[in-house]
Amino acid sequence: MPNRGDKMKNILRMKPHGCGGKLIVLEGTDGAGKTTMLKNIVQYLKESGQSDVVVTRQPTERVRRSKLFRTMMYTPDPGGSYRAVQLMTMSDRIEHQTEVILPALRSGKTVICDRYIYTSAANMLARGYSNEKWFFDTARELVRPDAVILAHVAPELAIKRILSRENEKDRYLDRELLKAVYKEFMAMSRRYGFYTVDTQLPEETNRLLVQGIVKEVMRGA
């Protein structure tokens, strides 16, 4: 069973990357609107003359295709250990950092990463695993993003969006878990100073808001 403790002691302490590039992370629950936000950011950077943009995501496909990950995330009664998934995804994040993120940052490129360690933390805490010292110790190996943009929307609307997708309308969806993950993301946004974007607002409003955030980040503010 998960160990329950004081969530406030679970603080992610990552190291600065010290490179010429920028690392921008997009976070949010499924159905929050990250995909649209990602497209807007990439388009804005290209229109602004930023040609050196690397778009990537975590966990990587090697984890997403694994039986352990798919069983734990997309079945109603997966059995097994969620901690095993966390171990696998943490290893994947460190390897991805070494192979993709750091080389790009050292080359002065802008890296846009769809999900980061915050997704693991939100899911872990939402599931009641709130005394995982190993997780927060290991997270120190990761570099701290220059900015985290959290796409958020009421969980009920996120669920509606997910189930309206042709390729996901029949998937298993733990609605209560999604609501709990949403709460953890919102708590982290306050704790770590995320930029937040309410994707229920008009698309043009959000497009301009996201452009303003990226412009600020690229200026080094």
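By class, nine nonpolar, one polar and two charged residues make up the lining of the second largest pocket. The structure is a predicted model. The volume of this second largest pocket is about 160 Å³. Among its lining residues are Leu12, Met14, Tyr118, Arg144, Pro145 and Asp146. Ala147, Val148, Tyr192, Gly193, Phe194 and Tyr195 also belong to the lining.

An open sheet is built from five strands with parallel pairing, in the order E2-E3-E1-E4-E5. Strands E2 and E5 are its edges, each pairing on one side only. On average, neighbouring strands of this sheet are turned by 20 degrees against each other, direction ignored. The strands have the following residue ranges.

| Strand | Residues |
|---|---|
| E1 | 22–27 |
| E2 | 53–57 |
| E3 | 110–114 |
| E4 | 147–152 |
| E5 | 195–198 |

E2 and E3 run parallel and are joined by five bridges; in this pair, Val55 stands opposite Ile112 of E3. Helix H9, residues 203–218, lies across E1, E3, E4 and E5, and runs at about 170 degrees to E5.

Pro59 is located in the loop between E2 and helix H2 (61–64), and the peptide bond from Gln58 to Pro59 is cis, with omega near -15 degrees. Arg115 is in the loop between E3 and helix H5 (117–126). Its phi is near 80 degrees, a positive value in a residue other than glycine. Arg115 has a relative accessible area of 10% and is therefore buried, the cut-off being under 20%.

Technical notes: Residues numbered from 1 in each chain as written. Predicted model: local features only at pLDDT ≥ 70, side-chain atom pairs only at ≥ 80, totals over all residues. Heavy atoms only, no water. Pairing = 2+ DSSP bridges. Helix = DSSP H or I, 4+ residues; strand = E, 2+ residues; numbered from the N terminus. Axes fitted to C-alpha atoms, helices over the stretch in contact; angles between N-to-C directions. Contact = heavy atoms within 4.5 Å. 1 Å grid on protein atoms, 1.4 Å probe; cavity = no way out; pocket = protein on both sides within 12 Å on 5 of 7 lines; lining within 4 Å. Points joined across faces, edges and corners; volume = space filled by probe spheres on them. Nonpolar A, V, L, I, M, F, W, Y, C, P; charged D, E, K, R; others polar. Buried < 20%, exposed > 50% of the residue type's maximum accessible area, 1.4 Å probe, protein only.
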